[in-house]
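Visitor: I would like to learn how to read a structure like this one. Could you show me the sequence and the model, and then take me through some features?

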Amino acid sequence: MGGKKRPRASGPAGAAGIMTREKEKLKRLIREKTSGVDGNELLDIYEDILETIRTRILPTIGRPATAAVVERALALAAEAHPLLSDVKMNEEGLSLEALREQAARGDKAEDIQAGLEQLLTDLVDAIATLTGDVLIRELAKEIEKSETGK
């Protein structure tokens with residue numbers, strides 16, 4: 001009975017490692033779906049991904065918390081990418097119409113993509129902080145099987 005106890009892989013450090021892997025997997029999937037596309041096609045893909053995330057987390061954390069998480073991620077991303085300051089939240093989620101207008105005016109597609117990538121990174125980080133890897137795993141599965149992008 002007095003044998004040595006083996007260290008466990010679970011607990012905060014183990015859970016953090018799993019969560020980091022799941023977040024990175026989700027971010028990689030998003031990069032794969034958006035690589036090599038631009039203009040309206042790029043915006044369509046990001047819009048679909050954002051809608052998938054919103055509809056997936058809504059039943060779990062509720063409408064007010066979903067709105068708060070999305071708005072917070074948008075505010076954080078807009079600090080680094082001011083072009084996102086015109087993106088607005090409405091009943092259906094985020095409207096990317098302002099970005100479509102910017103793209104039509106010839107604004108740099110790279111800047112728009114970098115801003116949207118930052119928005120998704122901040123959103124995934126917030127969801128992971130709130131729910132752990134449970135929703136992140138489910139989101140990765142849904143985005144992987146979606147018809148959006150590649």
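Predicted model: local features only at pLDDT ≥ 70, side-chain atom pairs only at ≥ 80, totals over all residues.

Visitor: Which pattern does the protein chain follow along the sequence?

Guide: Helices (H or I, at least four residues) and strands (E, at least two) are DSSP runs, numbered from the N terminus. Here the protein chain has six helices and two strands, in the order α-α-α-β-β-α-α-α.

Visitor: How many of the residues count as buried?

Guide: Buried means under 20% relative accessible area, exposed over 50%, and partly exposed in between (1.4 Å probe, protein chains only). Of the 150 residues in the protein chain, 38% are buried. As for contacts (heavy atoms within 4.5 Å), among those between residues at least 6 apart in sequence, 73% join residues at least 24 apart.

Visitor: How many salt bridges does the structure hold?

Guide: A salt bridge is a side-chain nitrogen of Lys or Arg within 4 Å of a carboxyl oxygen of Asp or Glu. The structure holds six. In one of them, D44 meets R100 with N to O at 2.7 Å. D44 lies in helix 2 (residues 39-61) and R100 in helix 4 (residues 97-104), so this pair ties together parts 56 residues apart in sequence. D44 is partly exposed, at 34% relative accessible area, while R100 is buried, at 14%. Both belong to a salt-bridge network that also includes E47 and E97.

Visitor: What about a salt bridge inside a single helix?

Guide: The general idea is that an α-helix has 3.6 residues a turn, so residues three or four places apart point the same way. In this model, R54 forms a salt bridge with E51, their closest N and O atoms being 3.2 Å apart. The two are three residues apart in helix 2, separated by about one helical turn. R54 is buried at 12% relative accessibility, and E51 is partly exposed at 29%.

Visitor: Which residues of helix 4 are buried?

Guide: They are A98, L99, R100 and Q102, and they pack against helix 2 and helix 5. Just after helix 4, G106 takes a positive phi of about 95°.

Visitor: Is T34 buried or exposed?

Guide: T34, in helix 1 (residues 12-34), has 1% relative accessibility and therefore counts as buried. Leaving aside neighbours within four places in sequence, T34 is in contact with L42, I45, Y46 and Q113.

Visitor: Which residues form the negative surface patch?

Guide: Patches are made of residues with over 30% relative accessible area and no salt bridge; like charges are joined within 9 Å, and nonpolar side chains (Val, Leu, Ile, Met, Phe, Trp, Tyr) within 5 Å. Lys and Arg count as positive and Asp and Glu as negative, with His and the chain ends not counted. The negative patch here is formed by D38, E41, E110 and D111. Among them, D111 sits in helix 5 (residues 109-131) and counts as partly exposed, at 39% relative accessibility.

Definitions and conventions:
Residues numbered from 1 in each chain as written. Heavy atoms only, no water. Areas by Shrake-Rupley, 256 points an atom, 1.4 Å probe, with all protein chains shown as cover. Charge placed at Lys NZ, Arg CZ, Asp CG, Glu CD.
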